[in-house]
Amino acid sequence: MRDVSTGDPVPTAHGVPLADRSLDPDDWQRFRELSHRALDDMIDHLQTIEGRPVWQPAPQAVRARFDRPLPRKSRDLAHVLSDFRSHIKPYVTGNTHPLFMGWVHGAGTPVGMLAEMLAAGLNANCGGRNHIGIDVERQMTRWFAEAFGFPRDASGVFVTGTSMANFLGLLIARNEALGQSVRADGLRAASAQLTAYTSSQAHGCIAQALELSGIGSRNLRLVPVDAAGAMRHDRLAAAIAEDRRQGYLPFLIVGTAGTVNTGAMDDLHVLADIAEEQNLWFHVDGAFGALVALSKRLRPLVAGIERAQSIAFDLHKWAHVPYDAGFLLVRDAEAHRRTFSNRAAYLQRAPRGLGAGEVWPCDLGPDLSRGFRALKAWFTLETFGADRIAASIERSCRVARHLERRLRKLPMFEVVAPVALNIVCFRVRGASDKMQEALVMDLQERGVAAPSLTVLDGRTTIRAAIVNHRTTTRHADLFVEHLLASVLAQLQAETG
Ligand SMILES: *Cc1c(COP(=O)(O)O)cnc(C)c1O
């Protein structure tokens with residue numbers, strides 16, 4: 001076939017010019033077979049995860065494959081799938097593996113994987129409009145409101161993660177403090193400089209949220225913590241009083257339910273009392289720790305969370321919904337909407353039809369087009385039930401305590417922070433910061449375990465965060481064996 005004006009050959013597939021074809025498969029039966037095989041492959045991958053290295057770095061030749069020019073021509077899906085199997089699947093982070101203990105990563109579940117595939121098939125845009133995706137997201141909001149003791153009419157929105165949820169929570173607090181005129185007038189019109197308060201152990205995204213909001217991280221007071229890692233409320237009250245004397249406008253307290261370094265919990269009741277007394281917005285960063293509210297046994301650790309104005313948390317960490325799935329829950333639905341509502345002509349609501357509906361998710365954050373994150377969260381909660389998620393959270397804490405006990409029995413190690421939840425911070429006794437680092441990198445590179453590093457009291461510290469629902473006490477024991485082997489190897493290298 002040739003182009004009538006240029007005489008050039010026209011690209012075709014199955015005799016039809018490409019320009020006239022949709023992107024659907026030419027051969028549905030073949031697509032079906034390849035897809036089923038790919039799904040089986042991923043199910044095998046998850047079922048046999050333990051037999052593979054936790055992590056392996058991608059070789060240079062593999063990395064180079066992802067530095068190629070934009071492909072102009074089609075390729076057979078079978079070949080692309082084969083690339084995925086050989087060049088992508090083996091070289092990801094490793095957080096599905098039971099010996100992955102680095103940072104605070106969720107492990108995902110096979111159910112979540114299935115839900116992601118179904119959501120992609122529906123390809124619903126959950127920014128708004130009149131469709132069931134919006135109802136599923138509202139159902140999630142009501143479930144989380146129930147779990148945290150919020151009113152039934154609380155508002156909520158899925159976002160990428162807790163960093164984003166904290167940022168949105170801060171914007172609501174800012175606008176409620178200054179009045180919604182700040183949306184148009186900006187911060188320069190404010191009568192005084194806003195100040196916010198969080199603990200010195202708060203996640204770095206809180207300072208970043210102040211920067212992004214235009215308030216500035218210099219106006220975030222990092223309140224010292226006590227020996228357990230909780231914000232000192234005497235120092236908090238003093239900092240607020242001092243700022244008021246100086247003419248600042250305190251507006252926000254951010255409590256942490258589960259610090260990223262050690263899993264420490266702020267006393268949320270005390271923070272709520274101070275926020276009430278001082279008329280400040282009380283926001284909780286509960287990225288992973290807030291979910292202990294699902295467990296009857298652990299719930300007392302987050303007592304007072306029900307008094308927050310807003311809570312940011314992740315479904316992709318301790319609830320194991322596949323990445324990404326963060327959530328912002330806001331007590332005052334009207335305040336939430338006021339900060340973000342967007343009534344551009346093309347978003348106008350209709351009395352009926354597809355444009356109907358009062359509040360759309362695009363009124364609750366800056367995202368307009370957004371995927372169906374609620375579906376994988378709904379699948380996870382419907383399939384497992386909150387009690388089963390709670391049981392796996394409880395088990396993570398038991399495994400952490402088991403690991404702590406094992407390490408305390410070995411004079412070679414010192415546990416350097418209280419194990420309040422699921423994070424064990426320790427060092428090789430008497431060894432340099434460099435050696436702690438070398439040990440962690442060695443374990444990671446051997447692919448046997450993946451703890452991570454942090455800094456506590458100015459010293460490099462090894463951190464094992466037990467988040468994975470697949471990690472048992474047997475894995476904690478294996479981890480200790482690998483640790484001992486690595487320490488010996490390090491010592492031999494140093495003295496050898
Ligand atoms: C992980 C974490 C965050 C950041 O959440 P993301 O989902 O990675 O954006 C914030 N705060 C705490 C306490 C965390 O553990």
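**Reading the model**

Reply: A polar contact of 3.2 Å links the side chain of Thr461 with that of Arg427. A polar contact is a pair of N or O atoms within 3.5 Å; within protein, one must be able to donate a hydrogen and the other to accept it, and residues adjacent in sequence count only if both atoms are side-chain atoms. The model is predicted, so local features need pLDDT of at least 70 and side-chain atom pairs count only at pLDDT 80 or more, while totals for chains, interfaces and linings use all residues. Residues are numbered from 1 along each chain as its sequence is written, and side-chain values use heavy atoms, with hydrogens and water left out.

Me: Which backbone oxygen does the side chain of Thr461 reach?

Reply: The side chain of Thr461 reaches the backbone oxygen of Arg459, at 2.9 Å. Thr461 belongs to strand 13 (residues 459–465). Helices (H or I, at least four residues) and strands (E, at least two) are DSSP runs, numbered from the N terminus.

Me: Is Thr461 buried or exposed?

Reply: Buried means under 20% relative accessible area, exposed over 50%, and partly exposed in between (1.4 Å probe, protein chains only). Thr461 counts as buried because its relative accessible area is 0%. Arg152, by contrast, is exposed, because its relative accessibility is 65%. Arg152 sits in the loop between helix 5 (132–148) and strand 3. Its C-alpha atom is 5.9 Å from that of Arg142, although the two residues are 10 apart along the chain.

Me: How many residues of strand 11 are buried?

Reply: Strand 11 (residues 423–428) has 6 of its 6 residues buried. One side carries Ile423, Cys425 and Arg427, the other Val424, Phe426 and Val428, and both faces are covered.

Me: Which strands pair with strand 11?

Reply: Two strands pair if DSSP finds at least two bridges between them. Strand 10 (residues 413–415) is joined to strand 11 by 3 bridges, in the antiparallel sense. Within this pairing, Glu414 stands opposite Arg427. Strand 13 also runs antiparallel to strand 11, with 4 bridges between them. There, Cys425 has Arg463 as its bridge partner.

Me: Where do the residues of strand 3 point?

Reply: Ser155, Val157 and Val159 point one way from strand 3, whereas Gly156 and Phe158 point the other way, and all are buried. Strand 3 spans residues 155–159. Its antiparallel partner is strand 9 (residues 326–330), with 5 bridges. Phe327 in strand 9 is the bridge partner of Phe158.

Me: What is the volume of the largest pocket, and which residues lie nearest its centre?

Reply: The largest pocket has a volume of about 780 Å³. Its lining has 22 residues, and Asp24, Pro25, Asp26, Ser74 and Arg75 lie nearest its centre. Helix 1 supplies the largest share of that lining, 4 residues. The second largest pocket has a volume of about 610 Å³, and helix 4 supplies the largest share of its lining, 5 residues.

Me: How many residues surround the ligand?

Reply: A residue is near a molecule or strand if one of its heavy atoms lies within 4 Å of it. Here 13 residues surround the ligand, and Ser163, Asp285, Asp314, His316 and Lys317 are the closest. A polar side-chain atom of Ser163 lies 2.6 Å from an oxygen atom of the ligand. For Lys317, a polar side-chain atom lies 3.0 Å from an oxygen atom of the ligand.

Definitions and conventions
On a 1 Å grid over the protein atoms alone, a cavity is a set of points where a 1.4 Å probe fits but cannot get out, and a pocket is an open set with protein on both sides within 12 Å along at least five of seven lines; lining residues have an atom within 4 Å of a point. Grid points are joined across faces, edges and corners, and a volume is the space filled by probe spheres set on the points.
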